[in-house]
Structure formats: structure tokens, C-alpha cells
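I opened a notebook for this structure. The entries below follow the order in which I looked things up.

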Amino acid sequence: MTPFVPPPGLSCGGSCHEDKARTPTMIPGKYRTNPGRITQSNVNCGLHLVIQTSSVPEKSKFELRLSKDSSFHNRLLQHDIEKNYSSRQGDGRVISPSPRNKPSFVPSTTNMTDLCGLELKSGANSLSAFGDSSIQTPTKSRIRQGCHSAGPNVSGDHVYLGSSSMPAFPVLHRSNEEKILYSDRLTLERQKLTVCPVIDGEEHLRLLNFQHNFITRIQNISNLQNLIFLDLYDNQIEEISGLSTLRSLRVLLLGKNRIKKISNLDNLKSLDVLDLHGNQISKIENVSHLCDLRVLNLARNFLNDVDDLNGLSSLTELNLRHNQITSVRDVDNLPCLQRLFLSYNSISCFEDILCLADSTSLSDITLDGNPIAQESWYKHTILQHMMQLRQLDMKRITEEERRMASIVARKEEEKKRESHKQTLIKEKKRLTICNVARKWDMQQNRVAGGPSSSQDGKDSDVPSQDACQMNGSGTCVYPEETGSLDPVITTALQGLAVIENHLVEVDGDTLFLYGSGALESLDRNWSVQTAGLVTTVSFTFIEFDEIVQVLPKLKIKFPNSLHLKFKETNLVMLQQFNALAQLRRIDQLTIDPQGNPVVNFTLWKYYVLFRLSHFSMQKINGTEVTQNDMIMAERLFGILAHVASSELPQYRLLSLLGEVRKKQFRYLLEGKGKKSGGVSEEGNDSKRLCGENTNRATLNYTTRDFYTEKLEEIKEKKKFCKTYIQDLVKEAAEINMKNESLQKLWPQLFIELVRDAVVEIRNKNSYMKLCLQRITDTK
Amino acid sequence: MLSPDRLALPDYEYLAQRHVLTYMEDAVSQLLENREDITQYGIARFFTEYFNSVCQGTHILFREFSFIQATPHNRASFLRAFWRCFRTVGKNGDLLTMKEYHCLLQLLCPDFPLELTQKAARIVLMDDAMDCLMSFSDFLFAFQIQFYYSEFLESVAAIYQDLLTGKNPNTVIVPTSSSGQHRQRPALSETSALEGVEASLFYQCLENLCDRHKYSCPPPALVKEVLSNVQRLTFYGFLVALSKHHGINQALGALPDKGDLMHDPAMDEELERLVVRSRLHRTSQKHRSHQAVAFGFRRSDKVEALESLPSTSTQMPYLCRESRE
């Protein structure tokens, strides 16, 4: 059986207390003024409880309907609201819930007001049932009249309660006339009953009303096996009991009692409406067999959370207002649930009611009076997650709202993603820096451990530099200016595992370089704009000697860099500052004491000022440079420069200056920044530099590995020169020796020669003859 | 010029002993290194300049350590250059750490070994905290001894250790040394709990050492003088005494007396000029002029105008140099 005739009636119940003018309540009223059209009005409105009862043979089609549609719902939904409650009790319930309905074709509905709005209909098919319900209409009207008479003065006229004769339980008797007239219903409202009376001979009763009594226990009704409707509203019942035989029961109203636990409903398999509002129930339990239950009211109880709602496969309406619910789960297991009232609970975050989003049937939700409803994101989050929703907090959701919600949600999402991205990048940056720092520390320790013995500090530094070059390679820098952030984030996501060894970052006008590998970034093609913007370059965790090698590149790529920062760069010697002289211009220099021992020297600032005086620097380590500083610097080191420039032999001067030039050439050739214009510009620069500052230009810095290289070269040359000079000197010594021997021999030789000559010319005549003879011979 | 020793040795050895070969070798290697530059202005000129600078002691500036320590003359020249260049630091009254002095040394000789500086600092600081501050003169004189006589001091240290541990370092080399010494030895080492070794004994060993030592060593007479003043002394005590001895300083000839250490009028004049110039340079840089040609002259005009110059007599060479630059 699919008896439920959907929304109008039921939904009016939900909405009427919010907006009475809109309730369809009026519609039936209007129709009802025309008696002939009652059935039609039935179709249109009111809660239709169509009940099929096989046990009733003749009047199998039983219709119970009261004109006041809304009040039943008000009961079910709203009795928890004390204000309404009292007013209803005062007049609405007792007298007439809606005076406008009174003049309608049933003038006296007083007794049945509690049921008004409820329509019980018995039939296989509700719609077809309406078709042949012509007899039922008079039945109903009769019932109502009967009810009316049995109302406030039940005991007086028609009903006799034999309370005096039977001390244990009062026995109820009705006159036969009454029985005939209202054979299927009995109202014992406001009878000050403390126990259920024994009702004899009324096995055919279908409707029983014990409202507003003091009953503490459900008793003596197990014989009423045809009972469909049982109303025990406003009693003092502490436990659900005595209902196990009432297999036909469809509507069980137990509101405003003292029930602590849902129990003993095992046999009530046909239950359609279960009202337990205003009790002390702290858990939803023992209801999983109620597969026909459509309305469950648990408002004003002590529920803390909603869970385990399996089996309630027909539930369309669940009222949970005014509990202390913090989380709702399992709602998505209710395939028919359309209306869920969660107002005035303690739900504070959307995650706690996330299951609502998974329900496909929900169309109406109230969440007002919860902390969550105060949140700025409340509405659009709910709307975003529950596209199927038609009403939220009794307000119809417009397309506009839905669109807004989705826009806001999208924005929110984007923002979240962006911030996530940011944090990811930040985190990655942090990790990278940590990693670089660790590597750096390791390196430094190794370096520090190396030269423990003696002067080999330099020698042991050489491998370490090689090592850090190796470290630097084979990683990717995330590029600042590509603009495509998505690849960044993806690499970042993967990259968190593979931590990089260096970091390059442009932040505003500052270029940050962490780790020696970052220096390679100077080879990249930086956009003109970025390069122009950068005025500060910060080096961290990089050997100063490595920085020195890229200074020419820095000069070309970031021509506007005026402020250099060094932190953890192993600046240990004053002479290292010489290297900075080759830059175009420096206004500010910041040498962090961390990892730069040179800063501990008292003279370092003056040396910097002296050596870089041609830049006329403004600030060193944040302090303004004064004229006195400059003079002091000159006083301290001026002589050094003077000696260096004036006392060096010409060839040395040339070679020292030439080295600067040579070095620049060398870098240019090596360096990847092969700009054709760069070379000539470079040349001019160095000329200018030399012209401006010759006496200082001789003070230059060669990085340690270059220097050792140079020393090697010198050694080679020396070796050659040594052998060369050795040979030369030996030769000279030999010559000298020969000469000396000649000198020794010569006097004797000379004497001998003279003697020979003298002997020859001793005989003058014969000598003359001989001479003449020679002359004639030659002729 | 030609000493009679010359005839006692073969030419080659003589030249080597007098370090002539060292300079010849160095000259040639310098020539090789700066071939392009030198060929521009003539090889003869180069040799002239080279040997002139050797005579003046300026040849060691910015050279590698192996060359600087190669000859006593080089060492003396280096000491003198260091004094001249950084006298102002001492004059300023700054006390510096060993590392800072080392840095200054490295400004003149990029590969100057830390070890030598450390040893020199140890003489001043007596092995205490090595991070202490030292005055310029203390360091300079200690450094002088350590640097100039470094090989000698190493041998002395070995001898001292031997003496301390009770071995007689001279037994092999000087077998004639009195056996009395041998007998004294154990007693001595016991009393050496007093610290140090006996001065006279120490001197005997040192005298021997000086005789056979091929490196330069302080004149034995002066060493004797140093040691005759005390009964016992420690190694560092000995070094301190050496470093503070005027005679040794004079014999070495690189540095002026301690009293005159801050005194270098020629350089002071030069410095004054430089300071004035730097001041002008800075101001002129502020309203930066592009006329590089007129620069020197304009500046010198200002110098004259400034009148703060101590001596006007030296102004001419200064101007010449200025224009040469």
C-alpha cells in the first residue's frame, strides 16, 4: 500500500507555525463551507492517513477526518513550543482551534479538536477510496456530533464510569444508544483519570482518547484489538507498555509524558504516526521494525545525537526540535525522509550533519536556533551541499539564493585552495631552507673538522666546494616568473617528499638565494621587469667564494641591485670583500654575523668602506655611513693602498690589474650570459673602475680554489725556471772557469810567443834576406 | 761586492747560498707569467725593475707565501711591509685578535698560513686563551721572531722538548760535551718541575744549533745575552725574551725600535694627503662629475685651497702621481 498523499497537508504542518497566512489550512475551511464537496477537500488537504484494516469486514473503509487540518500538525510539530502549547490548551484545543472552521459544516468539533487535521482513511488505495466514500461523510459527521456530546460532560450524560463500584479499576459503560451512535470511538478527555478504565464490550473501538489525564500506566486496553488511534497526550506515563496486542494501531500519541525510553513497540508493526514529544528520551531505539512509520516526533527530548535510523523506510517526517543534538548521522538511510526539523539544537559544524547532504529525498530542513545558523557560511554551505532542498528554515529557497550560494561556495573553495597552495608553498619553502641549512651545517662541520691540524684549511675546503656543487645540481628550482602556478603546486605536492637543495625566491624587490645551487638561477633568463625590480640580493647558505664567481653575472642580470645581504656565507677574511669591488654599485651591505666570522673583527667595516670607497656606500649592516667612518677607514688602510699602488713595480701593477681584467674575461667566456654587448661594456667598466681606483684595484680577491690553481701553475713555472736557471748558471760558471784558466795560461803563452819572435829576428841579415825572399816569392 | 767567501765555494753553490738563484728564478718566472705585459715595455726594463724592487723590499707584496718565506731578505721585507701598511692600525690603538691579524697578513699574502700567526699569538698570549686581544706592537715583535726564525725556532722547540724529557739533544752531534752534563741530567729533569730548563745548558745546545743551522738564526752573542739573565726558563719565556730584545730586532733590521714603531713621518704625510683626498673624493662623488679628465686637477686645486695639508713641499710629487693615475 502506498497510502501517502503527498505534500500539501503535511507540508502545511511544517510551515503553518512559521507562516499561518500561507497555510493550506484555510483551503479546507473554505471548501468545507460547502458540505457536498468534502471529499474533494480531503484530497486537497489535510493529513491523510489511509489505513487498511482487514479485520473490519463491513466498514473496511473507514475514514476519519477532521476539518481542522493544521491543528493536528501543530500538535505533532509544535506542542514543544510552550507558548503555542498553552494557548492551544486554553482555547485552540479545547474549544476550537480555528473559529473560522467552526461554522463549517461540523459546528461542534470541540472533542475531536485534537484529531483535527488528521484524517484517517481506511482503504486499499487512498484515491480510489475517496471515490466511493459517499457513505463515510455522514459517518464522520455523526462521529463528531457524538464526540461533542461525549466531550466535557462524558460522565454526566452518556458515559457512566463505575468508579465507585469497582475500587481497582473504573469500568466504563456506555449506553447502547451511544454505542450505536459512536460505535468506533471513545473520548475520555480531562477525566482526571489516574488509571485506564476497563472498557467492556467495546471491542470494535477504533479510536480512543485519554488526553489530559493523570494516567501513569497504559492498562486495560489490550482487548481493544481494533484500535487504530490511541491518544494519551498529556499524562504521566513513564513507560510504554500494554500495547502489544494492539496490532492495528496506526497512530500513537504519547506526547507530554514521562517516558524515558522507547520500548515495547514490537508488535505495532503498522504504526504510522508516533508522537513522543515532550518526554525524557535520550536515545532513538527500538524503532527499526516500524517500516510503515511516516511521522516521528521526538521534539523536546533529551537526545544528544541521531544515529542508527535503519529500518524506518517510510519515514517522511522527523521532528527533532529542541533537543541537545550535536551530530546527525545515518539520515541518508531514510529513503523517504522529506522533512527534518532540527531547530534549537547544538549543531555547530557542518561536518556533524554532513549526512544530510547525502540524502536524496530531503526537501525541507530547519536548522535555526543552532550555533551553525549563526555562521556566515551557513546558508550557502547548506545550499551548496543540498541541491535537492526546497525549504530551509521554513523559507523557500529561490533560484537566486541557490546561485549565490554556489558562487560564494566556489569563491570559498577557491580561497581555500589558494591558501592551501600558499601554505604548501610556504611549507615547502621552509622545508627546503631547513634542508639547505642542514646541508650547509654538515658542510661547515666537515670543513671545520678538516683543517684542525694546520694551515690546510684551504686544501680541505676545495673538496667541500666540489661537494656542494654536486649537491646543488640535479634539482629544480621552482620558477618565480613562469606564472603557471598549477605545475608549481603539483611539483610542490610531489616535492614535499623530494626536498630540494636550494631555493630561489623573488619577493618584492629582493632576490633570495638559498644554497649554492641557487646561484645557477642567475643563468636563467630573467624577465626585464623582474630583473629591474630587484634591488636587494640576499645570499644565504652559500660559500662566499662561490658567490664571487657569479658576481659578474649578477652585475649583468640584476643591474639595479644596490643592496647585498650575506648570511651564512662563510665570510672569514677581509680580503674577500675585495671581490665586491668589481660590482657596478653597492649602496648597502648587510653581513649577518651568523656564519660570517669576519663580522667579529673590529676592522671589517672600515675595510669595507676603504675597499669599496668608490661606491660611496650609504649603509653597512643597517647603520648609516658617516664622513668620519670614511676618514677612519682611509686612515687605517690608506697606506696599504698607497704602498700597493706606488711601490709595486710596474710589471706587477700591470699583472695585478690585468688579473681583474683577465678574470672578467674568463668569466665571460665561461659564463652562459654570452651577450655580445656585454663584453665591451665589461671592458669599459673595468677601465672605469681601474681609473677611479687604481690604488685599490691592486687589492683583489682570488677565490681559494683559483688561488690554489694559480699556485700550482706557479709551482710548475718555478720548476721550469729552476732548471733553466740552473743550466744557465752552470753554463756561465763553466765559461767563467774556462775564462779563468785562459787567464792563467795567457802570460806564459805570451812570453813564449815573444821569445819565438825574438829568436826569429836575432840575425838581422838573414832575417832581411828571408823577408825579401818572401816578397819576391809573392810577386 | 765580492766577498772573499766567494772563492771558497764553487760558483753555483755560492749563488745558491746567497739566494741569487732564487731571485733569478723568480725573475724569470715572473717574466714568463707576465710575458704580454712585459714585452710591451722591454725585458731589460723588467729586470731593472725587478731587482730594484728586490732591493727596496717591495717585491714581496701580494706574492705567494712560498716566495715570501724563501729568503731572509724576503722575510725581512715582508715584516717591514706589514709594519708599514698596518702601523696605522696599531696607532689607532685597536687591540685585535689573532684571527684579525691573520686577516691583515692575508691582505698582503693571500695564502699566509694560519699556523704561523697562531704561533706568534702564542708567544704573546703565553698559550692562554687564543681569542684574547693583542696590541699591535706585541704581536708584531712576536710575529717577527716567529716568522723570521721559524725553522730555527722549530729546532729550538725540539731541543727544549728533549731537554725537558731528559735526553741530551747534543750527544750525537757534540760528543765532546762534558759528561758532567749527563750526570746532571736526571736531577735537572726532576727539578724541572720548577718549570723550564736550565739556561746555560739550553744555551750550549743553542750555540751548537746556530753553528750548524743552515737557516738564519739570531746572533749567538745576543742569544747568550738573553739567556745569561736568567737561571731557568721555559720555551715561551725564551721566545718572549727574544721578541722583546732590541738587539735582535736591530740585527734583523726589518723593524724600527719599539719606541719608534708608530713613527713613520713620510708615510704619515702620505696618509694625510690620502685622507684629504678621500674626503674630497666623497664629496665630489656626491655631486658626481663626469669630467674624469679634469678630476685630478680640480681635486688638487681644492687640496691647495683647503690648506689643511701639513706640508706643501710634498705636494708636487703628489700631483704628479695623481695625474699619472
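Entry 1, the interface. I took buried area to be the accessible area (1.4 Å probe) that two parts lose on being put together, summed over both. I worked on a predicted model, in which local features need pLDDT of at least 70, side-chain atom pairs count only at pLDDT 80 or more, and totals for chains, interfaces and linings use all residues. Residues are numbered from 1 along each chain as its sequence is written, chains are lettered from A and ligands numbered from 1 in the order in which they are written, and side-chain values use heavy atoms, with hydrogens and water left out.

Between chain A and chain B I found a buried area of about 5900 Å², with 61% of it from carbon and sulfur atoms. A:Arg635, A:Ile639 and A:Tyr651 give 12% of what chain A buries against chain B, more than any other three residues. I counted contacts as heavy atoms within 4.5 Å; 62 residues of chain A touch 65 residues of chain B.

My criterion was a side-chain nitrogen of Lys or Arg within 4 Å of a carboxyl oxygen of Asp or Glu. How many salt bridges are there between chain A and chain B? The count is three. I looked up the one that joins B:Arg84 to A:Glu647, at 2.3 Å from N to O.

Strands (E, at least two residues) and helices (H or I, at least four) are DSSP runs, numbered from the N terminus; two strands pair if DSSP finds at least two bridges between them. Seven strands of chain A make an open sheet of mixed pairing, in the order E20-E21-E22-E23-E24-E25-E26. E20 and E26 (623–624) are the edge strands, each pairing on one side only.

I called a residue buried under 20% relative accessible area, exposed over 50% and partly exposed in between (1.4 Å probe, protein chains only). Four of the five residues of E20(A) (503–507) are buried, so this strand is largely enclosed by the rest of the structure. Five bridges link E20(A) to E21(A) (510–514) in the antiparallel sense, and A:Asp507 faces A:Thr510. Two residues lie between these strands in the hairpin, where A:Gly508 has a positive phi near 65 degrees.

A:Lys619 has A:Glu624 as its bridge partner.
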